[in-house]
Amino acid sequence: MRIINQSATFTLVAAALLAIVIPAHGQSTGSSAASDLATEIEALRNEYEARLKALESQLSALKVESRAAEEQAATPAQRAKPAPDNVFNPAISAVLNGMFTNYSREDSAIPGFQTGHESERAAEGLSLGHSEITLSSNIDDKFQGGLTLGLGVHPGEPAELEIEEAYIRTLPGLGLPDGMRLQAGRALWTFGYLNELHAHGDDFSDRPLPYRVFLDNAFNDDGIEFSAVLPSELYSEIGGGLFRGDDIPFGGSERSPGAWSAFARLGGDIGSNSAWRVGGDLLGGRAHGRGGGDGHAHGHEEDEAHDDDAAHEEDEHHEDDEAFAHMDDDHEEHEEHGHHDDHAEFFSDGMFSGDSRLFGVDFRYTLAPTGNARERELILQGEYFLRKERGTYAIEEEHQECTTVPEDDGFHTECEVHTDERAETLDGTSSGWYLQGVYKFAPRLRVGARYSRLASPRDAGLDHDPSALALMFDWSNSEFSRVRLQYNRESLGDGEHDDQIMLQYIMSLGAHAAHTF
Amino acid sequence: MKRLALAAALAAGGLTGIALPATGAAEVRVLACEPEWAALAEEIGAGNVTVHSATHGRQDPHHIRARPSLIAQVRRADLLFCSGADLEVGWLPVLMQRGARMEVQPGQAGNLMAADHVELLGRPEVVDRSLGDIHPSGNPHVHLDPENVALLASELARRLERIDSANAVAYRERLASFLDRWNDAMARWRERASRLRGMQVVVHHKAWAYLIRWAGLERVAALERISGIPPTVADLKNVLERASGAHVKAIIRAPHEPTDASSWLAERTGIPVVELPYTVGGQREAHDLFALFEVTFALLEEANDRP
């Protein structure tokens with residue numbers, strides 16, 4: 001209807017313009033030509049009038065028809081609407097995440113490993129977890145782009161805004177050979193199974209141990225990645241990337257690109273209701289003074305206080321005679337750790353400089369007994385990581401020298417803080433794995449179990465391998481909302497268990513990216 | 001380690017080499033999202049195409065995992081034949097992106113979305129997530145109107161001719177033969193539908209809109225008040241009330257739909273639950289498009305003839 005209307009208007013305008021322009025042109029030519037033109041114009045006028053009449057009658061006929069059609073079935077939305085200004089807005093989504101947690105231990109350090117900022121356990125008690133805002137859209141026929149902002153909220157601190165992803169990807173329209181894709185910027189790069197997924201889609205509230213210690217939950221350095229799905233009957237994909245080398249397991253990119261990756265994947269179906277995928281990955285690069293986020297191995301709560309402690313130490317000791325005793329305790333703890341070799345602290349607290357290579361294999365198997373994963377489904381998944389690291393681990397140690405000076409009202413303790421750096425060249429080869437199973441037994445209910453384990457570097461001289469067991473139960477009202485209860489039993493240090501309870505909701509609003517396998 | 005990376009890449013390449021089938025003649029590879037379109041592609045392309053269906057007859061096409069095998073299928077497809085109208089929105093975009101096959105991208109001859117070629121019913125006035133899994137552009141379950149199948153058969157033949165012009169004559173001949181048989185069948189079904197006119201039914205999901213309109217049935221209620229969200233007890237009671245007031249002959253359910261809600265209503269009302277095949281392969285007897293409608297009409301007649 002609109003089109004008809006417009007063309008009618010257009011015809012009118014065109015006729016009017018012709019009527020003006022043509023005579024103006026005609027005046028400059030001879031008088032015989034002028035009369036010719038006049039007849040021509042007359043003919044044109046007649047023709048347009050006839051066409052207008054025809055169009056008008058067509059229009060009224062259409063009006064009648066369409067009114068009848070509307071009465072029959074149509075809803076108001078079916079009538080043509082002018083396109084609103086926001087039709088080309090990118091898809092926007094936000095992930096809301098809240099938690100209640102309870103831990104039996106204060107400390108969640110993993111002896112023999114550095115842990116970064118991202119992989120710390122969530123603050124105890126009620127807290128807002130990790131929220132996310134994602135914008136994504138096709139840029140044009142050749143590119144697609146996305147931006148994910150992560151909002152890290154630690155109670156009592158201002159929110160941290162982190163750019164989790166800011167990437168562009170090629171679309172097939174660019175004309176790369178079929179199956180090939182380039183991605184550049186910052187993204188959750190291809191490594192293992194979990195790395196490329198957003199944590200809110202995970203089956204458990206926290207990432208398994210190997211992800212926490214080797215990747216600080218996820219590797220999302222700045223870089224570029226290439227991948228190609230090969231034209232085979234089985235799914236097979238290969239690819240690799242170059243990265244800045246700033247994100248854990250690397251750091252302090254002196255020379256960029258300071259890291260690279262390579263991966264290969266295979267996958268297929270078994271029968272019509274189950275599917276599998278296996279992958280192998282390599283991630284290599286150099287680290288220059290990689291620290292687990294300023295000694296984060298000590299756990300979040302302690303770290304916050306760390307800097308302050310150093311600054312106020314003198315004052316405290318000045319007033320507190322017990323400072324002596326306190327200091328001795330600290331010292332003894334360190335000794336205890338180093339029964340065999342005093343190297344564990346180098347791995348957990350040291351700044352690492354050297355080559356780091358991470359090798360990973362992963363598999364995933366899904367089985368939906370009826371073919372409908374929404375009804376019932378079993379998912380088995382496991383990954384194994386081996387990290388080869390060789391280089392120096394440097395520890396900055398604060399030495400306190402205190403002297404006790406007698407005073408009128410008792411004793412006065414004066415302490416001075418010196419910073420020494422100790423460095424050792426060590427073999428940091430370590431490994432870790434996890435295995436998990438998740439079973440959806442009713443359309444909205446799932447249970448899952450996961451066991452993860454690490455083998456700490458031999459040079460650390462620890463005889464306890466950190467391990468963790470997680471059990472979860474979740475309820476998803478729709479694919480946009482999920483409430484999860486999880487119990488963790490972590491045995492990270494010697495003989496001590498940390499029992500953790502986590503109750504979490506994860507809800508997403510707005511556009512929802514389609515799920516990967 | 002770099003050597004290892006190379007070795008891994010080579011190994012993957014090698015495996016791929018093994019996996020590559022020995023394709024002789026350049027057959028057109030059709031990837032159908034649903035079995036009904038796979039069946040139609042077999043009808044029109046038989047002999048010149050290899051057809052693979054992403055889903056089987058007892059699967060809910062709304063919710064499919066973007067399995068690795070499907071990425072591999074898209075990667076090699078010459079023609080992608082789906083329902084469209086967002087039916088596959090939960091999984092197809094990932095496949096298209098990862099498979100990155102130019103020939104089947106939107107706008108190409110190899111991208112055929114059924115919903116783009118027929119008139120859609122049930123376009124929602126309001127689009128909001130609280131309304132469940134709604135399809136903003138309209139109801140995508142278009143294949144249950146046999147006229148739509150005929151329209152799509154012609155469109156499919158046109159696409160195949162463009163993709164594989166060497167065999168254009170074969171496609172045209174097969175289309176003509178199919179339409180002959182289909183029009184005859186439609187005449188028979190129309191007659192059978194005239195005896196079903198006004199038959200009252202309760203459906204599970206709004207997947208039956210096209211069949212209901214074509215056969216002139218009357219939908220009294222849908223068990224799913226909100227599309228895609230399992231009905232609550234309150235919803236069911238509401239349906240029970242409406243069903244009790246009417247003379248409902250059947251509670252219609254697709255093979256992939258959960259049985260609890262329809263059984264609940266059947267127990268309380270005595271109305272029989274009729275599981276219709278919904279698509280080709282939904283029931284063993286519904287082995288092709290003709291049989292799909294034959295079986296559907298037979299089951300509806302059986303329910304309607306009950307006192």
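**Reading burial and charge in a predicted model**

Author: Of the 307 residues of chain B, 58% count as buried. Keep in mind that this is a predicted model.

Reader: How many helices and strands does chain B have?

Author: Chain B has ten helices and eight strands. Its accessible surface is about 12700 Å², and carbon and sulfur atoms hold 52% of that.

Reader: Which residues of helix α9 in chain B are buried?

Author: Buried means under 20% relative accessible area. In α9 of chain B, residues 260-269, that applies to Ala261(B), Ser262(B), Trp264(B), Leu265(B) and Ala266(B).

Reader: What covers the buried residues of α9(B)?

Author: The cover includes helix α8 (233-245) of chain B. It also includes the strands β5 (200-203), β7 (248-253) and β8 (273-275) of chain B.

Reader: What comes just after α9(B)?

Author: Gly270(B), with a positive phi of about 75°.

Reader: Now chain A. Which residues form the negative surface patch?

Author: Glu401(A), Glu407(A), Asp408(A), Asp409(A), Glu414(A) and Glu416(A) form the patch. Two elements of chain A, β12 (377-407) and β13 (410-427), each give two or more residues to it.

Reader: Where does Glu414(A) lie, and why does Glu414(A) count as partly exposed?

Author: Glu414(A) is in strand β13 of chain A. Partly exposed is the range between buried, under 20%, and exposed, over 50%. Glu414(A) counts as partly exposed because its relative accessibility is 44%.

Methods: Residues numbered from 1 in each chain as written. Chains lettered and ligands numbered in written order. Predicted model: local features only at pLDDT ≥ 70, side-chain atom pairs only at ≥ 80, totals over all residues. Heavy atoms only, no water. Patch = residues over 30% accessible without salt bridge, like charges linked within 9 Å, V, L, I, M, F, W, Y side chains within 5 Å. Areas by Shrake-Rupley, 256 points an atom, 1.4 Å probe, with all protein chains shown as cover. Salt bridge = Lys/Arg side-chain N within 4 Å of Asp/Glu carboxyl O. Lys, Arg positive; Asp, Glu negative; His and termini not counted. Charge placed at Lys NZ, Arg CZ, Asp CG, Glu CD. Helix = DSSP H or I, 4+ residues; strand = E, 2+ residues; numbered from the N terminus. Buried < 20%, exposed > 50% of the residue type's maximum accessible area, 1.4 Å probe, protein only. Contact = heavy atoms within 4.5 Å.
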